[in-house]
Structures are given as C-alpha cells and as structure tokens.
Amino acid sequence: MADVTALKDYLKKIQKIISYNADISFGNTRLIKKSKIDDILCCVFASMPDLYKKYLKADYDKRFSSINTFRMLDIELKHKFFLNQNMYSINLNKCNKLINAVFNSIDNDIKKMEEL
C-alpha cells in the first residue's frame, strides 16, 4: 500500500501544477511546459505497483475503473498546444475530475487485482 500512497501524492502534485503553476491560463485551459508534465508522469509511472502496471498495459482488460480513468487522464494531460509543440493544453476541470475519480477507485481496484 506504500506504493499507492506515493502514487496518490504524485497525482496531487499534478493537480497542483495544473492549478497553480501553469505558464499561461485561459479560463479553464492551462498551458504548461511539456517537460513539467512529462517529469511528473514519469514519477507517477515509477511509483505504480507492478500489478497495477501490468493491468494498465493490457488494453483488453476493462474491469477496473481506475485503470480506464487513468488512461483517459494520460490522454487528457498530453494535448499538445497547436502554436507551440513544447507546451500542453490542459483542461483544468476535466483533469481534476479524472484525478479525483482515480483517487476514489484505486484502492478497491488494487485489492481486486491482488485477489485475482
């Protein structure tokens, strides 16, 4: 479970970066340097339990809601800004909802994975 708490801490850091450390803000859209997001996502993937990574890589498995939500979050975080390819254009509300959904379901999903 120590891996899960580290994973949640990194997801909270993503929320803070999106909310408070955006390079440019346009209402609900945040423009953030690609390197900031990629660095923290690297830490997120490194802190995931091995069992969770296994299910995340398996595209055919749709049983776990946190896996599906995390895939959507990963896609949402990596929208390149059309004027500058070194920046991501991130929808703040959508990402916060996805992160909160991962928080709510990850503990139960990991317990189910361990039982299987």
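Tyr55 and Phe64 are both buried, where buried means under 20% relative accessible area, exposed over 50% and partly exposed in between, with a 1.4 Å probe and protein chains only. The structure is a predicted model, in which local features need pLDDT of at least 70, side-chain atom pairs count only at pLDDT 80 or more, and totals for chains, interfaces and linings use all residues. Residues are numbered from 1 along each chain as its sequence is written, and side-chain values use heavy atoms, with hydrogens and water left out.

The pLDDT is the predictor's confidence in each residue, from 0 to 100. Its mean over the chain is 88, and 97% of the residues reach 70 or more. Confidence is lowest in H3, with a mean of 83, and highest in E3, at 94. Such helices (H or I, at least four residues) and strands (E, at least two) are DSSP runs, numbered from the N terminus.

A pair of aromatic rings is described by the distance of the centres and the angle of the planes. Rings of Phe, Tyr and Trp (its six-membered ring) pair if their centres lie within 6.5 Å; planes under 30 degrees apart count as stacked, over 60 as edge-to-face and the rest as tilted. The model has 3 aromatic pairs by this rule. Because the planes of Phe45 and Phe70 stand at 90 degrees, with ring centres 5.6 Å apart, this pair is edge-to-face. It links distant parts of the chain, since Phe45 belongs to helix H2 (residues 34-47) and Phe70 to helix H4 (residues 65-77), 25 residues apart. Phe45 is partly exposed, at a relative accessible area of 29%, whereas Phe70 counts as buried at 3%. Tyr55 and Phe64 also form an edge-to-face pair, 5.1 Å centre to centre with 75 degrees between the planes.

Phe70 also belongs to the largest nonpolar core, which has 31 residues; Leu11, Ile14, Phe70 and Leu77 have the most contacts inside it. A nonpolar core is a set of buried Ala, Val, Leu, Ile, Met, Phe, Trp, Tyr and Cys residues joined through side-chain atoms within 4.5 Å. Helix H1 (2-20), H2, helix H3 (50-57), H4, strand E3 (87-91) and helix H5 (92-115) each supply at least two residues of this core. The largest share, 9 residues, comes from H5.

Leu77 is in contact (heavy atoms within 4.5 Å) with Ile14, Ile18, Ile37, Leu41, Tyr88, Ile90 and Cys95, leaving aside its neighbours within four places in sequence. Among the buried residues of H4 are Phe70, Leu73 and Leu77.
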